[in-house]
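Here is a short briefing for a first look. Please keep the sequence and the 3D view side by side as you read.

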Amino acid sequence: MAAIASGKIFHIEFDGVNVTGPIAVPNTGGWQTWATVKAQNIQLSAGNKIMRVVFETNEMNLNFINAIKTNNQTPYNGVIINLPGKVEAENYDLGGQGEAFNETTPGNTGAVYRNDAVDIEACTDAGGGFNLGWIDAGEWLEYTVNATATSNYRFNFRVATPMAGKTLSLLVDGVNRGTVNIPVTGGWQNWATVSLNNITLNQGQHIIRLLMNGNEFNVNYFDAAVITPKTGMFDQSAAAIRIYPNPANELLFIESAIEGMVTLAIFDSFGQEILKKENISGNFSEAIEFKSLLPGIYMVRIVAGEEIFTERIVKQ
Ligand SMILES: [Ca+2]
Ligand SMILES: [Ca+2]
Ligand SMILES: [Ca+2]
């Protein structure tokens with residue numbers, strides 16, 4: 001908008017209804033000196049509408065109107081859950097379809113606890129409560145959480161299914177951080193815990209998304225625990241890990257024969273991460289380019305479950 005005096009007002013109508021109320025235009029200082037004014041929290045249903053701009057006073061210029069979809073997602077009950085901690089799967093965020101969850105069938109098939117499209121039933125696991133049921137592939141739910149410390153976390157998922165071949169993915173702030181296999185637990189209310197290790201979270205607020213990669217399994221809750229490192233568990237002489245040569249010059253070779261998934265990282269003497277490979281197979285062989293690095297001390301770190309192996313490498 002542009003105006004050369006204050007007190008100018010307009011509003012916007014959709015299908016004849018004033019949805020914004022009066023929007024004040026400031027004195028921008030010239031007919032071609034432009035400023036942006038905002039009307040917020042305007043609820044619109046989907047579909048074709050006639051938008052009308054109504055100028056309530058004279059003498060203002062309008063260049064364009066930009067409508068932005070804002071995020072209505074908020075934590076369930078207004079409570080941001082702290083991690084480490086436990087999150088009930090049925091306590092997904094408020095905000096509805098496409099924002100807080102993606103749900104394929106209308107209505108809550110279980111008809112308990114909440115009144116939107118997500119399907120919830122009473123749970124007979126220890127502690128009772130409710131669980132997500134009638135899950136379809138591609139459905140997801142989001143949870144606003146707060147990591148109280150920057151740390152490596154283990155995520156445990158409480159799941160049940162009589163069916164085989166189901167998986168669930170964990171996304172943090174839109175980034176897929178791992179997929180966990182859901183075992184055949186033998187029944188819809190026979191519960192088991194499955195885990196994803198070494199999920200690094202920075203301190204602060206995050207959006208956790210559980211993405212369902214198959215239909216027909218139940219989720220009761222998930223919890224996140226800080227992994228307390230146990231150092232010195234690996235014995236280089238036992239050949240679980242070989243790192244050579246040391247000192248290194250052109251290439252650093254890392255050979256690992258650890259069961260399960262690991263995270264490999266290399267830090268310089270300032271603690272800056274110069275390489276990171278998360279959730280790779282513990283059975284690997286890498287040739288790391290050291291040629292371009294400045295001479296000095298570097299630290300190789302391999303995290304496997306609760307075990308952390310570190311090795312000091314000199315770069316010549
Ligand atoms: Ca549904
Ligand atoms: Ca469903
Ligand atoms: Ca639950």
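Start with the calcium ion (ligand 1): its donor residues follow the sequence spacing E-x1-T-x1-G-x9-A-x1-D. Keep in mind that this is a predicted model.

**The calcium site**
- The residues that coordinate the calcium ion (ligand 1) are Glu103, Thr105, Gly107, Ala117 and Asp119.
- Thr105 gives both its O and its OG1 atom.

**Burial at the site**
- Asp119 has a relative accessible area of 1%, so it counts as buried.
- Ala117 has a relative accessible area of 18%; buried means under 20%, so Ala117 is buried too.

**Overall build**
- The protein has 22 strands and 0 helices.
- Its radius of gyration is 27 Å, well over the 20 Å that the globule rule gives for 316 residues, so the protein is more spread out than a compact globule.
- The C-alpha trace spans about 85 × 55 × 30 Å along its principal axes.
- Of contacts between residues at least 6 apart in sequence, 65% link residues at least 24 apart.

**Surface and charge**
- Buried residues make up 41% of the 316 in the protein.
- The protein exposes about 16400 Å², and 50% of that comes from carbon and sulfur atoms.
- There are 20 positive and 31 negative charges, and their mean positions are 6 Å apart.

Definitions and conventions
Residues are numbered from 1 along each chain as its sequence is written. Chains are lettered from A and ligands numbered from 1 in the order in which they are written. This is a predicted model: local features need pLDDT of at least 70, side-chain atom pairs count only at pLDDT 80 or more; totals for chains, interfaces and linings use all residues. Side-chain values use heavy atoms; hydrogens and water are left out. Helices (H or I, at least four residues) and strands (E, at least two) are DSSP runs, numbered from the N terminus. The radius of gyration is taken over C-alpha atoms; the globule rule is 2.2 Å times the number of residues to the power 0.38. Buried means under 20% relative accessible area, exposed over 50%, partly exposed in between (1.4 Å probe, protein chains only). Contact means heavy atoms within 4.5 Å. Accessible areas come from the Shrake-Rupley method with a 1.4 Å probe; for residues, only the protein chains shown count as cover. Lys and Arg count as positive and Asp and Glu as negative; His and the chain ends are not counted. The place of a charge is taken as NZ of Lys, CZ of Arg, CG of Asp or CD of Glu. Donors are N, O and S atoms within 2.8 Å of the metal (3.2 Å for Na, K and Ca); water is not among the atoms, so sites may look incomplete.
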